[in-house]
Amino acid sequence: MTELPISADLIAERNALHAEALEEDYAALGRKLSRTGIDIDAIKDRVAGFSVAVPSWGAGRGGTRFAKFPITGEPTNIHEKLEDCAVIQQLSRVTPRVSPHFPWDKVSDYKALREEAAALGLGWDAVNSNTFQDQVGQAHTYANGSLAAQDAATRQQAVDHNIECIEIGQQLGSTDLTVWVGDGTNFPGQQDLGRSLDRYLEAASKIYAALPDDWRMLLEHKMFEPAFYSTVISDWGSSILAAQELGPKAKCLVDLGHHAPNVNIEQIVARLHRFGKLGGFHFNDSKYGDDDLDSGSINPHQLFLVFNELVEAELNPRDGFNPSYMIDQSHNVTDPIESMLSSAETITQCFAKAQLVDREALHAAQAANDTMMAFQALRRAYNVDVAPILAKARLEAGGAVDVLEAYRLSQYRRRKAQERKAVGLGAGIV
Ligand code: LRH
Ligand code: MN
């Protein structure tokens with residue numbers, strides 16, 4: 001194991017200062033929960049078993065089509081991104097895997113990259129393909145789509161890229177391929193809405209055929225952007241039908257920002273699970289479009305309700321229950337490490353709160369059409385401050401009781417600003 005990026009002494013020293021208060025808060029919460037028959041240590045063990053992957057592309061500053069404002073010391077390649085992801089894992093102890101994106105994270109030796117990550121305490125989650133940008137020297141442009149393109153050679157190029165991502169993922173130890181395509185139209189009539197999907201399905205079936213036995217293909221739907229009139233896989237309905245058409249290894253990935261405002265995402269989760277097609281999540285938050293804001297920063301209650309559905313789903317498995325939990329955010333105004341530390345905490349808090357729901361009381365109230373008591377069963381759990389449980393689990397796993405305090409005291413970003421080459425101004429997220 002390489003020496004981790006943050007001084008273990010600093011973490012231990014700060015934890016020692018917080019230990020007494022944490023023990024007090026944990027004991028008090030333990031007494032409160034035991035009054036309703038909940039064993040706090042059992043919840044802590046559930047939390048200790050929970051984890052969420054971080055996106056390699058989230059380690060750098062994000063931007064919009066208007067501008068990107070880099071910060072000094074931000075990472076410029078996968079090696080520096082891994083180091084920053086290792087900081088998040090070292091302090092939070094809930095983000096042990098990185099979800100890479102190709103060709104953004106392309107290297108010549110993936111075996112070495114796997115070892116480099118392992119030495120930093122990191123593994124790999126789903127690999128992401130990219131057929132929404134043209135690369136230098138690319139034979140066929142994706143300007144008119146990729147897997148759904150009119151041009152057969154362009155579709156084949158997109159298929160080949162996805163198969164290359166699977167091969168890279170195998171070297172990294174990943175078993176999931178996330179396929180998001182921006183394919184769509186900006187004008188009515190620009191493309192036939194039916195035949196576009198047929199071309200997508202024909203091409204996607206070639207990627208499906210290349211999946212190793214233990215792999216899954218996660219289809220990521222998105223209502224709009226970059227296309228603004230129609231998108232080939234625009235909603236969970238198109239996604240689940242495509243996944244059913246492709247086969248049992250095809251599942252659906254829910255990016256929380258890919259829906260119209262106020263869509264009931266927790267019900268989409270329940271539906272995808274009911275039909276055995278819930279493959280994973282890209283956690284983030286939004287107020288308007290695909291804003292890729294920090295998870296739970298705008299609507300933490302919705303994130304709690306999603307996890308409430310996930311607890312019900314785990315209790316009633318359909319073709320098993322193994323959703324991939326991943327963050328997918330764009331950090332335009334914060335230090336990306338701080339945003340992912342804060343988001344990992346919020347996601348884990350919503351997971352923990354969902355464990356506290358008295359399911360017996362909830363189900364009894366539902367059966368009795370006792371609306372208020374059914375709602376109160378959820379609200380009581382949502383109102384519990386679970387921070388002492390997460391901090392205790394983190395402390396026992398070698399992390400920091402106060403992750404942002406430890407990160408800032410480490411002066412990590414200032415150190416990196418001295419080491420790393422400056423990033424140029426630019427538009428867009430890469
Ligand atoms: C598309 C998306 C997809 C990624 C990209 C970075 O909006 O959510 O998951 O490939 O963001
Ligand atoms: Mn996404």
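I began with histidine 282 and ligand 1 in this predicted model, and I found an oxygen atom of ligand 1 at 3.2 Å from an N or O atom in the side chain of histidine 282. Taken alone, ligand 1 exposes 300 Å², of which the protein buries 94%.

I then looked up two further polar contacts of the ligand. For aspartate 255, an N or O atom of the side chain is 3.0 Å from an oxygen atom of ligand 1, and for histidine 258 a polar side-chain atom lies 3.2 Å from an oxygen atom of ligand 1.

I turned to the manganese ion (ligand 2), which I found coordinated by Glu220 (OE), Asp255 (OD), His282 (ND1) and Asp328 (OD) at 2.1 to 2.2 Å. Along the sequence, I read the spacing of these donor residues as E-x34-D-x26-H-x45-D. Aspartate 255 belongs to strand β9 (residues 250-255) and histidine 282 to strand β10 (residues 278-283), so that I recorded the pair, 27 residues apart, as a link between distant parts of the chain.

Why is the arrangement around the manganese ion (ligand 2) octahedral? I noted that its six donor atoms subtend angles of 72 to 171°, which makes the arrangement octahedral. For reference, I wrote down that the ideal angles for six octahedral donors are 90 or 180 degrees.

Terms used: Residues are numbered from 1 along each chain as its sequence is written. Chains are lettered from A and ligands numbered from 1 in the order in which they are written. This is a predicted model: local features need pLDDT of at least 70, side-chain atom pairs count only at pLDDT 80 or more; totals for chains, interfaces and linings use all residues. Side-chain values use heavy atoms; hydrogens and water are left out. Donors are N, O and S atoms within 2.8 Å of the metal (3.2 Å for Na, K and Ca); water is not among the atoms, so sites may look incomplete. Four donors count as tetrahedral if all angles lie between 85 and 135 degrees; four count as square planar and six as octahedral if opposite donors are over 155 degrees apart and all others between 65 and 115; anything else is irregular. Helices (H or I, at least four residues) and strands (E, at least two) are DSSP runs, numbered from the N terminus. A polar contact is a pair of N or O atoms within 3.5 Å; within protein, one must be able to donate a hydrogen and the other to accept it, and residues adjacent in sequence count only if both atoms are side-chain atoms. Accessible areas come from the Shrake-Rupley method with a 1.4 Å probe; for residues, only the protein chains shown count as cover.
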